[in-house]
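Have the sequence and the 3D view open while you read.

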Amino acid sequence: MKLVIAVVRPDKANDVLEALYRAEVRGLSLSRVQGHGGELERVETYRGATVKMGLTDKVRFEIAVSDEFVEPTIDALCEGGQTGEVGDGKIFVVALERVVRIRTGERDHGAVTPVGS
Amino acid sequence: MRALQAAAGVDAGDTAWMLAATALVLLMTPALGLFYAGLVREKNTLNTFMMCVAALSVATICFALVGYSLAFDGDGSLVGGLGHVFLQGVGFEPRDGTTIPHLLFFAFQTTFCIITTALVSGAVVERMRFGPFLIFAALWSILVYSVLAHWAFGGGWLQAGGTLDFAGGIPVEMGSGFSALAAALVVGARKDYGRQALLPHNAMYVLVGAGLLWFGWFGFNGGSGFGANDASVLAFVNTLLTPAAALLVWFVLDLLRGRQVTAIGAATAIIVGCVAITPAGGFISPGWALVLGGLAALPSYAVIVWRTRTRVDETLDVLAAHGIAGLTGIVFIGVVAQMSWNGVSDGLLYGNAEQLGSQLLAVLAAPAYAFGATYALLRIIGAFTALRGPDRDEAVGMDIIHHGEEAYVRGEGAILITPEGSVEDELAAVGPGSR
């Protein structure tokens with residue numbers, strides 16, 4: 001089991017979701033985050049105060065998957081999130097020690113497998 | 001002490017009301033900004049509002065310099081003269097046919113030009129570049145609004161032919177609505193239109209904006225009698241009745257279609273009601289005003305439902321809410337106008353079929369001119385400069401791209417840049433010992 005964490009552009013979030021559904025990855029969480037990667041900093045001006053915005057809005061996906069789903073998930077994230085310009089984001093895959101489904105108490109593989117599949 | 005007393009023929013009461021009414025109409029443009037801003041996505045909030053702010057500037061200037069003269073100087077058939085260019089001859093003397101100072105009449109009419117120009121922006125928000133929009137707004141206020149205003153109010157061929165339009169069903173509502181359709185076609189759909197759900201980001205703005213628009217509309221319609229008189233009172237009261245009826249019918253339509261009454265639908269219904277009574281306000285009885293509200297909801301609702309299924313990204317439905325509702329109001333005058341209420345003319349139901357003919361003429365001519373002229377104007381501007389930026393700009397959002405600001409900015413990670421350099425430079429200049 002792995003936890004796949006992806007940070008993508010907010011305006012690509014819908015494309016990523018679409019790609020994930022097509023890859024039959026159905027269990028996920030999504031949050032809005034701010035971050036800083038290699039992209040150029042924006043300069044904004046508020047009533048004469050010029051400000052360099054160090055952080056950019058991003059969307060973070062957290063997806064717990066069984067081992068056979070790791071590659072399809074990564075492929076879907078890349079397919080949906082890519083524009084080719086700096087700022088497309090990153091994917092982190094980390095080992096997952098335990099997973100428990102609260103409703104049934106199922107553990108591990110059973111818990112990361114979406115209901116009905 | 002000439003300046004301290006009103007010129008002969010000017011009525012103090014009329015002037016007092018028209019001063020207030022002018023301010024009420026001016027409020028409608030920021031109210032529209034709020035209404036529109038709530039309907040777009042978060043990243044385009046400021047740009048959408050700024051298009052209304054832009055109209056406050058460029059439409060005012062263009063109308064003062066040229067537009068007012070083209071609309072209200074003389075009774076040429078198609079367009080007015082140049083006698084009032086740069087506001088020549090516009091002073092304290094009463095405007096012909098009114099008891100208010102000509103200068104005030106000009107200000108009142110200017111607020112109409114502003115809101116109409118701002119209305120058209122609803123068709124192109126979330127993608128049109130701000131610079132080209134400024135050019136468009138300036139030229140549109142002169143070439144389209146002022147011409148239609150002349151036809152309807154300034155002694156042009158429609159007014160001379162007996163077409164009735166109390167407060168702007170022709171130049172304001174049909175003018176903006178059908179221009180919006182043309183603008184949407186020329187500028188093209190947003191990149192994600194029809195592919196993703198592009199949702200309103202703040203329904204509260206939409207409701208507050210609609211409420212303030214309704215409030216301002218009492219000046220818009222109630223001031224179009226140009227005084228504290230029967231026509232103004234009738235239009236004022238009808239401005240209360242028609243939107244109320246439009247709201248109720250919209251509730252029912254929402255219930256039939258989705259089993260729930262929607263808030264953004266209600267905000268739209270308020271606008272549709274106000275628009276429908278705009279041309280008819282001073283010409284029809286309060287009873288018919290209620291009927292008009294109910295009737296006007298139907299075609300506008302249908303056009304909104306239909307439009308979202310097409311490829312035409314007329315983003316904020318200016319055509320449905322303004323063009324179609326204004327058209328309904330214009331036609332309705334021809335059917336139920338009553339001499340006993342307006343002292344001007346009867347409609348079809350009261351034995352004057354000719355009035356309906358005059359109204360239908362306007363329904364053919366005004367949309368055709370608005371659509372054609374706007375289409376040509378944007379094509380010409382588009383030949384000189386790109387009307388929209390690359391898809392990447394649209395993805396980032398118009399606020400950051402065109403204004404360098406965000407509506408909902410969070411300060412984390414923001415570094416103040418002083419004119420002399422960055423904060424680090426300044427600290428370094430103070431010297432190492434000071435830390």
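Predicted model: local features only at pLDDT ≥ 70, side-chain atom pairs only at ≥ 80, totals over all residues.

## How the chains meet

Two strands pair if DSSP finds at least two bridges between them. Helices (H or I, at least four residues) and strands (E, at least two) are themselves DSSP runs, numbered from the N terminus. With that in hand, look at strand 4 of chain A and strand 1 (residues 414-418) of chain B: 4 bridges join them, and they run antiparallel.

Residues are numbered from 1 along each chain as its sequence is written, while chains are lettered from A and ligands numbered from 1 in the order in which they are written.

Overall, 16 residues of chain A are in contact with 12 residues of chain B (contact: C-beta atoms, placed from the backbone, within 7 Å). Strand 3 and strand 4 of chain A each supply at least two residues of the side that touches chain B. That side of chain A divides into 6 nonpolar, 6 polar and 4 charged residues. Here Ala, Val, Leu, Ile, Met, Phe, Trp, Tyr, Cys and Pro count as nonpolar, Asp, Glu, Lys and Arg as charged, and the others, Gly among them, as polar.

## Two residues with positive phi

Most residues other than glycine have a negative phi. A:Arg47 has a phi near 50 degrees, and it sits in the loop between strand 3 (42-46) and strand 4 (49-53) of chain A. B:Asp317 has a phi near 55 degrees, in the loop between helix 10 (286-307) and helix 11 (318-336) of chain B.

Which of the two labels, buried or exposed, does each one get? A residue is buried if 20 or more other C-beta atoms lie within 10 Å of its own, exposed if 12 or fewer, and partly exposed in between, with C-beta atoms placed from the backbone. A:Arg47 has 5 such neighbours, so it counts as exposed. B:Asp317 has 23, so it counts as buried.

## Helix 11 against helix 13

In chain B, helix 11 packs on helix 13 (residues 353-384) at an angle of about 160 degrees, with the axes 7 Å apart (axes are lines fitted to C-alpha atoms, for helices over the stretch in contact, and angles run from 0 to 180 degrees between N-to-C directions). That makes the two helices of chain B roughly antiparallel (under 35 degrees is roughly parallel, over 145 roughly antiparallel, 65 to 115 roughly perpendicular and the rest oblique). The residues of this contact divide into 10 nonpolar, 5 polar and no charged.

Definitions and conventions: Contact = placed C-beta atoms within 7 Å.
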